Structure formats: structure tokens, C-alpha cells
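Please read these notes with the model open beside you, taking the points in order. They are meant for someone who has not looked at this structure before.

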Amino acid sequence: MKLIQRCNVKDAGTGITVGAMLILTLMAASADALAGEPAFLNTAQMAVVRQQLHDHRAAPQTAEAYQHLLAAADSALKKPELSVTDKGMTPPGGSKHDYLSLSAYWWPDESKSDGLPWIRNDGHVNPASKNDQSDGVRLADFTARVQNLTLAWYFSGEQKYADKAVSLLRTWFITPETRMNPNLNFAQGVPGISPGRNAGVLDGRYFSTRIVDSLVLLRGDPAWTDNDEQQMRAWMQAYLRWLQGSKIAKKEGRTENNHGNWYVTQVSGIAWYLGDNAVIGDMAKLMKSKLDVQLKPDGTQPAELARTRSFHYSYFNLQAISMMAVLAQKNGIDLWHYKTPQGGSVLTSLDFMARFTDPSVPWPYKSLDQLRVRPVPLLSWADNATGEKRYEQYIRSAKFTLPPAVKPASGGYHEDVTRGAVMEAERDTWLLSLPSFAAGYVAPQPPEVQK
């Protein structure tokens, strides 16, 4: 039997809900058919949500997330395009086309007249790393705007959003005068120590998690031309070569904490866009080797608990792992149920984090901040992927309450990023996906099955 392949969002069907184990079995035979499907999103589910919004019968959380999305997209419409050439600083290589960022947790040494070399103060963000002189905030803003605009176009059907998203993409990746060179050689540099470090590869995760799926969704829209697609693929191919071949990127791939896991997820997302399933398979194996040393049988993640922001990094690491598990499942690989030799697993670590989504349960480790709602999307993805209702009670009880808005600090850096994080958690749980208990839920499944 052959089901119709979804080549782009316009052809997405609603699908048929099937058991999780059947899904995994079928996916092994159909990975190649997923080329038109986003890496991390389920367009069958998104099509149902889009219809619910159109019919005014979406869940309150979905409707709220949609309004927040439209507000962000409308704001992006009014803003100029962004480019790495906009920064004030010039990278050591001499070209502003090279990406440049400063490591967030490093500060001038006050005991030295010139402040050099900078010293680390983990968890405390240096505002100098978050202004427009470098590219760190610019990259995050650019990718967020493209994602918001693309999703607003998908759900609303309004072409103005796609047009703006495409204009942003061309400016950043394609136009000769403004394009970024496909490397992160000067990412997360530390004055007096290094112009660029392996930790800076983390900055590029948004190219995978936000840009790849936006590109897949935009395929077929008249604003995104065949020439755009060809040039974008060339950029991604060059960037993947850099991720696989540069000294600092390979060093990042060897790390055994959230940085290494985000490397795996980033490489896999780019490979998905380029149709390289072999690389995804290699990355899944690498991820398993990392989980073997990171996830303890009691669900803790010692490397992340050692940080001053232990709650954030425990979530952040599981976010990378969970996104890779979503993508791996589309490639016929089950990371959700993988057991480490010591008995740890993704689900066991999610079990550990789940209880702390309840704000009344004390977090027993040192942590400068605790945004308890952030793990909720991961819990929902896990239930959706496994066909279980393991986390239903936590998802049902989650409150996506926004704190008061604050004004940006000097240089445009928002000291309080809580509002955006809460909105993202609600969006990922209720707009881009649905919990398995929600009306209109569609289980993940392959678009094509060969028998």
C-alpha cells in the first residue's frame, strides 16, 4: 500500500492515528519519503490546527499561542532585514561576512588594567555580548523572525508574511553584499583567550531548528524561487562541510554535555534538509554514546546540574535530545526508548524533570533561574512519539501565564526573557503540536509506506 506523499504544507493530510510501535516499524522503510516533511514538525497535525483556527474551534491555549505568533510576525513586518555585515566589530579574518559573537558568561578581569584575558562568571550574562556590535543577538532575532513569519503565513494564508520571510532569508544567506559566510570560526570568542571557540558552534543551532523547517514549509510558495532554493542548498552544503570538517566544530561534537547534543541535533537538521539520511544515522549513534555518559538511572544529568543555572541547562540539554529523538523517529530510529548500559534513558530523565514543572515542588539544586513551564513541550512530544500518556497530568496542569513585560536594557538586550520563553512553550505544545489528549490530535507517522 502507498499513502500519498506530502511534498509541502498545502498537500498535508490529517493521517490516521496508529500505535507508536507500528509507527517506528513503518518509518524504517519510509525515511526517504520524508524529504518534503519538516525536520521537527508534523504538518499533518499542523494542518488540523490550522483548520481549527479557521473554524474558531481551537483550544484556548492554541488560540492564545496563535495570537502571540501573529503579533510577533506583524512586528517583524515593520523591521528591516538583518545581516552579519550590520555589526560594528570586524572579525579577525577581516570580513564582516564572517559571523562574530562574544561568549556570554565571560567578563573583563577587573584586576588587570586592560581587563585581559576575560574571566568566566558562569550564568551571569555580560551585556557586551548582547549588543549590535557582534552577531549573537542578531542571529537569534533573524532566525526567530523568519520562523514567526513563516508560521504566520502557514496558519493565516497571508502572503505578506511569506514575502517578508523570504526577503530576510535572501539578505542573510544569498545576496552577495550581505550574505553570511558559511562558518562559525569566530563564534563565542573570548578577548585575550581566543577569537572563536568550539562552544560557539552552539550559536548555529537555530539554522537547524528554525531555518530548516521554515525552508521546507516555504517550498512551493511563489515568493521562494527555484534559484533561491538552489543557492540555499549550496550554502547549507558548505555549512555542513564546515560542521563536519572544521577543528572547532569537531571538538564541539566530542563534548559530553548540552553542547555536544546540540551539535548532533544541528548537524542532523541540516542533513535532513539536504536529504542525507546517512549523516542522521551517524548522528543518532553519536547521540546514544553521549547519553551513555550523561543520563543517570535516577534521571539526573550531572554535567548540567553542576551549572549555576542547573534547571535551565537540565531542560536545555533535554530539549536538544528530544528534538533529535523527533527527527530520528522520522528516520526510523527510536531514541525515546534507548536504554544506556547503566539504565538511564530520555524518558527517565524526562520523568525526573516532569515533577518540577509544578512550581510548588522545590528544585533541590542551586539555580539562578527556574522557568518551570519550559519542559512541558518535551513531555508532550514524548507522549506523542511513544503513544503513552505518561505525562498527561503535567501537561494538563501547565499554566502558560505571562509575567509583566519589561523594557529592553541598553543595546536592545532584554534582561528578562521569561515572556518569550513562556510563549514559546505554549506555542510548541498547543500550536505547532497538540497533546495526545487534545481534540484533533494526530499521531506522528510516515507520509509514505512501502509494502
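1. Helices, of at least four residues, and strands, of at least two, are DSSP runs numbered from the N terminus. The model is a predicted one, and in it the phi angle of histidine 56 is near 55 degrees, a positive value in a residue other than glycine. Histidine 56 counts as exposed because its relative accessibility is 76%, where exposed means over 50%.

2. Glutamine 188 also has a positive phi in a residue other than glycine, here near 50 degrees, but its setting should be read separately. Glutamine 188 lies in strand β4, which covers residues 186-189, and its relative accessibility of 12% places it among the buried residues, since buried means under 20%.

3. A further point of backbone geometry concerns leucine 116 and proline 117, which are joined by a cis peptide bond with omega at about -10 degrees. Proline 117 is found in the loop that runs between β2 (106-107) and β3 (119-120).

4. For the overall picture, the protein has 16 helices and 4 strands, and 57% of its 451 residues are buried. Among contacts with a separation of 6 or more, 74% are between residues 24 or more positions apart.

5. What does the largest nonpolar core contain, and which of its residues touch the most other members? The core has 119 residues, and those that touch the most other members are Phe142, Phe155, Phe173, Phe207, Met236, Trp336 and Leu350. The largest share of this core comes from α12, with 13 residues. As general background, nonpolar side chains in soluble globular proteins tend to be buried together.

6. Phenylalanine 173 can be followed through its contacts: leaving out residues up to four places away in sequence, it touches Phe142, Arg179, Phe207, Ile211, Met232 and Trp235. Tryptophan 172 sits in helix α5, residues 159-174, and it is buried because its relative accessible area is 0%. With the same exclusion of residues up to four places away, tryptophan 172 touches Leu82, Ser83, Val84, Arg138, Leu139, Phe142, Thr178, Arg179, Met180 and Phe207. Tryptophan 172 and histidine 97 are 75 residues apart in sequence, while their C-alpha atoms are 9.6 Å apart in space.

7. Helix α13 deserves a separate look, as it is mostly covered, with 8 of its 9 residues buried. The buried residues are Val346, Leu347, Thr348, Ser349, Leu350, Phe352, Met353 and Ala354, and they pack against α10 (277-294), α12, α14 and α15 (392-397). Serine 345 is placed in the loop between α12 and α13 (346-354), and it counts as buried because its relative accessibility is 4%. Apart from neighbours within four places in sequence, serine 345 is in contact with Leu295, Tyr338 and Lys339.

8. How do helices α7 and α8 meet? The axes of α7 (residues 226-245) and α8 (residues 247-254) come within 5 Å and cross at roughly 65 degrees. From α7 the contact is made by Trp242, Leu243, Gln244 and Gly245, and from α8 by Lys247, Ile248, Ala249 and Lys250. By class, the residues of this contact divide into 4 nonpolar, 2 polar and 2 charged.

9. Sorted by class, the lining of the largest cavity holds 6 nonpolar, 1 polar and 3 charged residues.

How values were computed: Residues numbered from 1 in each chain as written. Predicted model: local features only at pLDDT ≥ 70, side-chain atom pairs only at ≥ 80, totals over all residues. Heavy atoms only, no water. Nonpolar A, V, L, I, M, F, W, Y, C, P; charged D, E, K, R; others polar. Axes fitted to C-alpha atoms, helices over the stretch in contact; angles between N-to-C directions. Contact = heavy atoms within 4.5 Å. Buried < 20%, exposed > 50% of the residue type's maximum accessible area, 1.4 Å probe, protein only. Core = buried A, V, L, I, M, F, W, Y, C linked by side-chain atoms within 4.5 Å.
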